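The structure is shown first.

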Amino acid sequence: LQHLMLHDVGSFLVALAAPWRQLAAGVPARWRPALHRMLLAAPVRRTYDVLQKPLIAFGLFTGLIYFWLWPDIHFRAMLSLDEYKCMNWSVAVDGLLFWSLILDPRAKAEGAAMHLGPRIFLSLLTMVPETIIGAYLSLHTSVVYTVYEICGRLWPVDAVSDQQIGGCIVWIPASMMCSFAALIVLRRWMHYDERVRSR
């Protein structure tokens with residue numbers, strides 16, 4: 001649930017709102033010049049441009065979930081506060097980067113990093129690895145994450161059922177967010193075509 005909210009739902013809703021101008025307006029005036037210089041610095045711009053390349057964005061978005069859900073790595077992350085914070089921040093920031101790429105309200109001709117059609121394809125493509133890992137956890141009949149025997153659970157559910165519920169959460173709601181994104185981009189594409197034709 002936590003990964004779903006950080007990586008998919010929360011990041012999706014922030015990117016959909018596209019609040020960048022409002023956030024910039026809320027920055028205290030004395031911080032704005034330094035922040036502006038930092039964001040326009042060549043290393044920052046180059047890093048951002050690389051992270052917004054479609055294949056890299058896709059690889060990071062799906063790869064981080066696989067990385068942090070790998071049993072040995074997940075075991076360590078759940079027992080180390082620093083690694084736990086790193087896990088949460090990395091999925092939240094990466095989710096924000098990915099959904100900002102997909103849900104950019106502009107078309108490619110207006111300055112967006114991707115054309116609208118490939119964005120639909122990319123958002124639907126992310127469903128495949130999420131479905132695979134979700135199905136694996138949902139249909140697995142033995143315990144994959146032994147760390148919860150140490151950490152305990154929030155509710156009195158046996159380990160396999162808990163894991164299967166987690167797999168369903170990774171599988172169904174996360175895939176649903178990808179479908180929503182594809183529909184939103186398709187709608188924007190239709191509006192953009194109408195504007196182009198009217199001009």
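## Basis of the helix geometry

Axes are lines fitted to C-alpha atoms, for helices over the stretch in contact, and the angles between N-to-C directions run from 0 to 180 degrees. The model discussed here is predicted.

## Overall architecture

The protein contains 11 helices and zero strands. Read from the N terminus, its elements follow the order α-α-α-α-α-α-α-α-α-α-α. The C-alpha trace spans about 60 × 45 × 25 Å along its principal axes.

Of the 199 residues, 35% count as buried. When contacts between residues at least 6 apart in sequence are considered, 71% of them join residues at least 24 apart.

## Packing of α1 against α5

Two packed helices are described by the angle between their axes and the distance between the axes. For helix α1 (residues 2-17) and helix α5 (residues 54-69), the axes come within 12 Å and cross at roughly 165°. Angles over 145 degrees count as roughly antiparallel, and α1 and α5 are therefore roughly antiparallel to each other. The crossing in which α1 passes α5 is right-handed.

On the α1 side, the contact is made by H3, H7 and D8, while α5 contributes F61, I65, W68 and L69. By residue class, the contact of α1 with α5 comprises four nonpolar residues, two polar residues and one charged residue.

## Helix α9 and its surroundings

Helix α9 covers residues 127-139, a run of 13 residues. From the first C-alpha of α9 to the last, the helix reaches 17 Å, which is close to the 18 Å expected at 1.5 Å a residue.

Which residues of α9 are buried? They are P129, E130, I133, G134, A135, L137 and S138. The buried residues of α9 pack against α1 and α5, and also against α8 (116-125) and α11 (159-198).

## I184 in helix α11

I184 lies in helix α11. Is I184 buried, exposed or partly exposed? Buried means under 20% relative accessible area and exposed means over 50%; at 23% relative accessibility, I184 therefore counts as partly exposed.

Apart from neighbours within four places in sequence, I184 is in contact with F12, L16 and L103. The C-alpha atoms of I184 and V196 are separated by 18 Å, and the two residues are 12 residues apart along the chain.

Notes. Residues are numbered from 1 along each chain as its sequence is written. This is a predicted model: local features need pLDDT of at least 70, side-chain atom pairs count only at pLDDT 80 or more; totals for chains, interfaces and linings use all residues. Side-chain values use heavy atoms; hydrogens and water are left out. Helices (H or I, at least four residues) and strands (E, at least two) are DSSP runs, numbered from the N terminus. Angles under 35 degrees count as roughly parallel, over 145 as roughly antiparallel, 65 to 115 as roughly perpendicular and the rest as oblique. A crossing is left-handed if the near helix is turned anticlockwise from the far one by less than a right angle, and right-handed if clockwise. Contact means heavy atoms within 4.5 Å. Ala, Val, Leu, Ile, Met, Phe, Trp, Tyr, Cys and Pro count as nonpolar, Asp, Glu, Lys and Arg as charged, and the others, Gly among them, as polar. The expected span of a helix is 1.5 Å times one less than its number of residues. Buried means under 20% relative accessible area, exposed over 50%, partly exposed in between (1.4 Å probe, protein chains only).
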